[in-house]
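This briefing sets out selected features of the structure shown below, grouped by topic. Please read it alongside the sequence and the model.

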Amino acid sequence: MSASQLRRATAFAPSNIALTKYWGKRDAELNLPLAASISVTLAELGSLTIVQPEPDLPEDVMLVDDRPLDDAGMVKVRRVMHAIRALAGSSVHAGLRSVNTIPPARGLASSASAFAALVVAAADAYGLALDTPTLSRLARTGSGSASRSVIGGFALWHRGTAPDGSDSFAEQLHSPDHWPLRILVAKVSDERKKVSSTTGMRMSATGSPLFTAWIDQCNRDVVDCQQALAARDMRKLAEVVEGNALAMHATMLATRPPLVYWQPATLGVIHAVRTLRGEGAECCFTIDAGSSVVVLVAAQDARPVADALAGIAGIEEIIQTSVGLGARLLDTAPRAP
Ligand code: DP6
């Protein structure tokens, strides 16, 4: 493709919350997981990314929320952009801008939505019409969980066995309207700089005595979670999703040196959700590598559950959203003839 046929493209991608987690890699370069994982895609919380190919740029540059991306992030971005340019047969670098609608560093991974939006925008900018598995694979090489943000509704990220990662991508299990749950993010105030997922999972793999048992548990939970989702069975979903998140945090806590992501309010929400469910509310919680808690709740119970969680000491705010669509192209400049 000639430089004149490149164009500016903008994409939005949502964040996703894992129902059964990815915490362990069999290949750190390609972000290949040791187990499959399942997620739900969030509606309006995510990243808007603009890709502008510029023939004069000596290398890719990226602003995230108006600040230059750090070196570790840039290494991942350049890896993804290099793969896209190779597919397009182009050597033109790009100016990249990403704006997040997610609270940063609060346990909601913004890298997932950022890389999913990046691949969708960049593919269009470089004139590539890629199928969804290819977009998911490319997003995965930026950040593992980004493979799932390409997909809407409920997604399964295949573990795969191929060394080159060709069979490790995410696919839709159900569209958003299969189970129109509400999703509440109970934001816990936490001023500490947290250990990133990339670093934390490497530490757990080498330093947690529970790590092998954790991966075995993931393999079982992925099967049970699919059954719970297919049947829209909240009791079963709660058992699997909460059990999986707690097993991941047990693995993190047992890591030496320990990975303690929780704050007192994290535990407050855990207890509150269990009590509310005991009283009849259809809800369950999950927690990523952070202190905030994500609660899935049936629409009719969303209001009372949100009110109860908002009253817990240390909860900054309750963000409410629903199950959403996957990454999509929003706007493009005209391509030169
Ligand atoms: C706890 O996808 O952020 O959110 O592949 O190293 O970029 P990298 O890690 P990342 O890890 C997400 C970890 C998690 C669980 C999950 O989303 O499955």
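The buried residues of helix H7 (234-253) are covered by elements that include strand S1, helix H5 (197-207), helix H6 (211-231), helix H8, strand S11 and strand S12. This is a predicted model, in which local features need pLDDT of at least 70, side-chain atom pairs count only at pLDDT 80 or more, and totals for chains, interfaces and linings use all residues. Residues are numbered from 1 along each chain as its sequence is written, and side-chain values use heavy atoms, with hydrogens and water left out. Helices (H or I, at least four residues) and strands (E, at least two) are DSSP runs, numbered from the N terminus.

- Buried residues (under 20% relative accessible area, against over 50% for exposed and in between for partly exposed, with a 1.4 Å probe and protein chains only) include Met234, Leu237, Glu242, His249 and Met252 in H7.
- The 20 residues of H7 should span 28 Å at 1.5 Å a residue, and the end C-alpha atoms are 27 Å apart, which agrees; the expected span is 1.5 Å times one less than the number of residues.
- H8 buries Ala265, Thr266, Val269, Ile270, Ala272, Val273, Leu276 and Arg277.
- These buried residues pack against strand S10 (182-188), H7, strand S11 (283-286), strand S12 (293-297), helix H9 (302-310) and strand S13 (315-322), where contact means heavy atoms within 4.5 Å.

**Helices H1 and H3**

- The axes of H1 (residues 71-88) and H3 (residues 132-142) come within 7 Å and cross at roughly 150°; axes are lines fitted to C-alpha atoms, for helices over the stretch in contact, with angles from 0 to 180 degrees between N-to-C directions.
- H1 is therefore roughly antiparallel to H3, given that angles over 145 degrees count as roughly antiparallel, under 35 as roughly parallel, 65 to 115 as roughly perpendicular and the rest as oblique.
- Lys76, Arg79, Val80, Ala83, Ile84 and Leu87 of H1 meet Leu138, Thr141 and Gly142 of H3.
- Ser136, also found in H3, is buried at 0% relative accessible area and is in contact with Ser147, Val150, Phe169 and Ala170, leaving aside neighbours within four places in sequence.

**Aromatic pair**

- The count comes to one aromatic pair, under a rule by which rings of Phe, Tyr and Trp (its six-membered ring) pair if their centres lie within 6.5 Å, with planes under 30 degrees apart counted as stacked, over 60 as edge-to-face and the rest as tilted.
- The ring centres of Tyr22 and Trp157 are 4.6 Å apart and the planes are at 70°, so the pair is edge-to-face.
- Tyr22 lies in the loop between strands S1 (9-20) and S2 (25-27) and Trp157 in strand S8 (residues 154-157), so the pair ties together parts 135 residues apart in sequence.
- Tyr22 is buried at 11% relative accessible area, and Trp157 is buried at 0%.

**Backbone features**

- Most residues other than glycine have a negative phi, and most peptide bonds are trans.
- A cis peptide bond, with omega about -5°, joins Arg256 and Pro257; Pro257 lies in the loop between H7 and H8.
- Asn31 has a positive phi near 50° and is buried, with a relative accessible area of 4%.
- Asp65 likewise has a positive phi near 50°, but is partly exposed at 28%.
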